[in-house]
Amino acid sequence: MIRQATANDADQIAPLIEQAIHEIAETLTGTQEKELILERLALFVTQTGNRLSHENILVKELDGRVVGIVIAYAGVDAAQLDEPIKRQLLAWTGQEVQIDQETEGNVFYLDTLSVDAAYGGKGIGSELLQAAADEGERRGLRAFTLNADQTNAGAQRLYRRLGFVPVKTIEISGGQFDYMERPYAT
């Protein structure tokens, strides 16, 4: 079943976020220590009003366990959703931190899609992606967007097959990504 995440899911969600975003997780948590990364990601999931909040996460649950997640939100909210993370990073590190802007505008942005490796190849990722796409369309936004790591050929093929078209290249946490979009039929 796909459902809205809750704060109680945080400890199951955090490893799935880390698995998907690697270096970006280090940027968002201000550390390279895996246990601390997971602890801080889980904290963000329990909170409200930030990009990693349970408010922006749908989960796929099987046998009472979270086996996949999709994090998505409106592009117009992206900068505002990063502010609580920047404040927390300042408290943790004592330094002002710049978070790369990943999206903007009247779009629904797929921030993170992750499936537990034990459940890979069962269509869970596609099911979560479609659930997020449907939410953006319900909100009346112009397009569904995402960033695909240029070094991840499998993701690039998948997203192109699903109708996403690259519109520009952006840098996120030192990596090169294709910002891709799939317009909604409005």
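UniProt lists residues 1-185 for "domain: N-acetyltransferase", in an unreviewed entry. UniProt positions are given in the numbering used here, feature names are shortened, and annotations may be inferred rather than shown by experiment. The model is predicted: local features need pLDDT of at least 70, side-chain atom pairs count only at pLDDT 80 or more, and totals for chains, interfaces and linings use all residues. Residues are numbered from 1 along each chain as its sequence is written, and side-chain values use heavy atoms, with hydrogens and water left out.

Helices (H or I, at least four residues) and strands (E, at least two) are DSSP runs, numbered from the N terminus.

Six aromatic pairs occur in the structure. Rings of Phe, Tyr and Trp (its six-membered ring) pair if their centres lie within 6.5 Å; planes under 30 degrees apart count as stacked, over 60 as edge-to-face and the rest as tilted. The ring centres of F108 and F144 are 6.4 Å apart and their planes lie at 20 degrees, so this pair is stacked. The pair links distant parts of the chain, 36 residues apart. F108 lies in strand β4 (residues 107-115), F144 in strand β5 (residues 143-149). F108 is buried, at 2% relative accessibility. F144 is also buried, at 0%. Buried means under 20% relative accessible area, exposed over 50%, partly exposed in between (1.4 Å probe, protein chains only). F108 and F144 form one aromatic cluster with Y159, F164 and Y184.

Charges also sit over rings. The charged end of R40 is over the ring of W92, 4.1 Å from its centre. That of K168 is over the ring of Y179, 5.1 Å from its centre. The criterion places NZ of Lys or CZ of Arg within 6 Å of the ring centre and within 35 degrees of the ring normal.
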